[in-house]
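Colleague: I would like to learn how to read features off a model. Can we take a few in turn?

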Amino acid sequence: MSSRRIGDLDVAWSEAGSGEPVVFLHGLAEDRQTWSHQQAALSDAHTFAVDLRGHGETTIGAADGTLAQLANDLVGFLESVSGPATCVGFSLGGTIVLAAAAARPDLVRRAIVIGTSSVVGRAAAAFYATRIEMAEGGIDAAFADALRSDTRAGLALDSHDLDELAAARVRAIGDGAGYVNAARAMARLREEPLTDALPTIGSHVDVVGADQDAFCPRKAADLLLAGLPDATYHEIPAAGHLVGVDAPDALAALLRSLLVEVSR
C-alpha cells in the first residue's frame with residue numbers, strides 16, 4: 001500500500017505492474033482490494049487501485065457530498081501520482097471517471113466505465129436516502145444486514161461466500177462517513193444528472209455492462225451511449241452488477257483487450 005497527502009486527503013492506493021498507467025476506482029462500499037484480481041491479471045500495465053474518499057484507508061477530509069469533489073479527488077491523484085492515464089471505474093467509480101473526463105480531458109486519456117449511470121431515477125434516489133439515514137449514526141448490525149442484502153442483489157451467481165463478501169464491504173467503509181458522502185453524491189444525480197456533461201467528453205469511453213445487472217441495466221448504458229461522442233458498448237454475460245465478483249476472468253480479458261488498443 002502507498003499513500004500521499006493530496007488536497008485535504010491522505011490517499012491510499014495499491015500499485016502494480018509496468019507500462020501504460022491505468023487508474024482503477026471502486027464502487028460504493030468497496031475499497032481498492034476490489035481490483036486485486038484485475039491488477040494481478042494486467043501486470044503489463046502500470047496499475048493504481050485507489051481508495052476513494054472515506055473508503056478503505058483514504059481519509060474522509062472535508063467531504064461535501066458532491067460528485068464534483070469526488071471527481072476533483074481523481075484529478076488530484078492523476079496530477080500528483082500517476083500522470084495522465086486510462087481511468088477504469090465501477091459503478092460510483094465510473095460516474096466519477098466520467099465527471100473527471102469532462103473536467104480534465106488532458107488527464108483522462110481514455111475512460112472505461114463498468115455498471116455506470118449518469119442519472120438515477122426516483123427508486124434509486126429513495127434507496128440512497130434510506131441507506132444514508134441508516135449509516136449516518138454509524139455502521140450497526142442493521143446496516144450490515146442491509147448491505148448483505150444489497151450485495152446478494154448485485155450478484156447473478158449464488159456460488160460466492162456472501163457473508164465474506166458483505167463483511168469485506170462493511171470493513172471498507174469503516175465508520176460509514178465515506179459511504180454517506182458517496183451515497184449523497186450519487187443521490188444528487190436525480191436532480192443534477194451528469195447527462196448534460198457527456199457530450200463534452202472528448203476521450204473515447206468504453207461502456208461495460210453485465211447482462212443480469214439489476215442495479216444498472218442496459219437502459220443506463222444506452223443513455224451513456226446516446227450522450228457520449230465517442231463510445232463503444234461491451235457486455236459481459238452471466239454476471240450481475242458486481243461483475244468483478246461474478247465474472248472476474250471475463251472482466252480481466254475484456255480490460256486486457258481494451259488496454260492493448262490504448263498502447264497501440
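Colleague: Where is the place of Arg110?

Modeller: Start with the secondary structure element. Arg110 sits in strand E6, which spans residues 108–114. Keep in mind that this is a predicted model.

Colleague: Is Arg110 buried or exposed?

Modeller: Compare the relative accessible area with the cut-off. Buried means under 20%. Arg110 has a relative accessible area of 10%, so Arg110 is buried.

Colleague: What separates the C-alpha atoms of Arg110 and Thr95?

Modeller: Read chain separation and spatial distance side by side. Arg110 and Thr95 are 15 residues apart along the chain. Their C-alpha atoms are separated by 14 Å.

Colleague: Now the helices. At what angle do H4 and H7 pack?

Modeller: Take angle and axis distance together. Helix H4 covers residues 122–135 and helix H7 covers residues 177–187. They pack at about 160°, and their axes are 9 Å apart. Angles over 145 degrees count as roughly antiparallel. H4 and H7 are therefore roughly antiparallel to each other. Their crossing is left-handed.

Colleague: Which residues of H4 and H7 make the contact?

Modeller: List each side. H4 supplies Tyr128, Arg131, Ile132 and Ala135. H7 supplies Tyr179, Val180, Ala183, Arg184, Met186 and Ala187. Then sort by class: the contact of H4 with H7 has eight nonpolar residues, two charged and no polar ones.

Colleague: And how do H5 and H6 pack?

Modeller: Helix H5 (residues 141–153) and helix H6 (residues 162–172) pack at about 120°, with axes 9 Å apart. The range from 65 to 115 degrees counts as roughly perpendicular, and over 145 as roughly antiparallel. H5 and H6 are therefore oblique to each other. The crossing of H5 past H6 is right-handed.

Colleague: Which residues of H5 and H6 are in contact?

Modeller: From H5, they are Ala144, Leu147, Arg148, Asp150, Thr151 and Arg152. From H6, they are Leu162, Asp163, Leu165, Ala166, Arg169 and Val170. By class, the contact of H5 with H6 holds six nonpolar, one polar and five charged residues.

Colleague: Last topic, the cores. How many residues has the largest nonpolar core?

Modeller: Look at the count, then at the residues with the most contacts. The largest nonpolar core has 54 residues. Val23 and Leu74 have the most contacts inside this core.

Colleague: What does Leu74 touch?

Modeller: Skip residues up to four places away in sequence. Leu74 then touches Val23, Leu25, Cys87, Ile96, Val97 and Ala100. There is also a second, separate core of 24 residues, including Ala49, Leu242, Leu251 and Leu254.

Notes: Residues are numbered from 1 along each chain as its sequence is written. This is a predicted model: local features need pLDDT of at least 70, side-chain atom pairs count only at pLDDT 80 or more; totals for chains, interfaces and linings use all residues. Side-chain values use heavy atoms; hydrogens and water are left out. A nonpolar core is a set of buried Ala, Val, Leu, Ile, Met, Phe, Trp, Tyr and Cys residues joined through side-chain atoms within 4.5 Å. Buried means under 20% relative accessible area, exposed over 50%, partly exposed in between (1.4 Å probe, protein chains only). Contact means heavy atoms within 4.5 Å. Axes are lines fitted to C-alpha atoms, for helices over the stretch in contact, and angles run from 0 to 180 degrees between N-to-C directions. Helices (H or I, at least four residues) and strands (E, at least two) are DSSP runs, numbered from the N terminus. Angles under 35 degrees count as roughly parallel, over 145 as roughly antiparallel, 65 to 115 as roughly perpendicular and the rest as oblique. A crossing is left-handed if the near helix is turned anticlockwise from the far one by less than a right angle, and right-handed if clockwise. Ala, Val, Leu, Ile, Met, Phe, Trp, Tyr, Cys and Pro count as nonpolar, Asp, Glu, Lys and Arg as charged, and the others, Gly among them, as polar.
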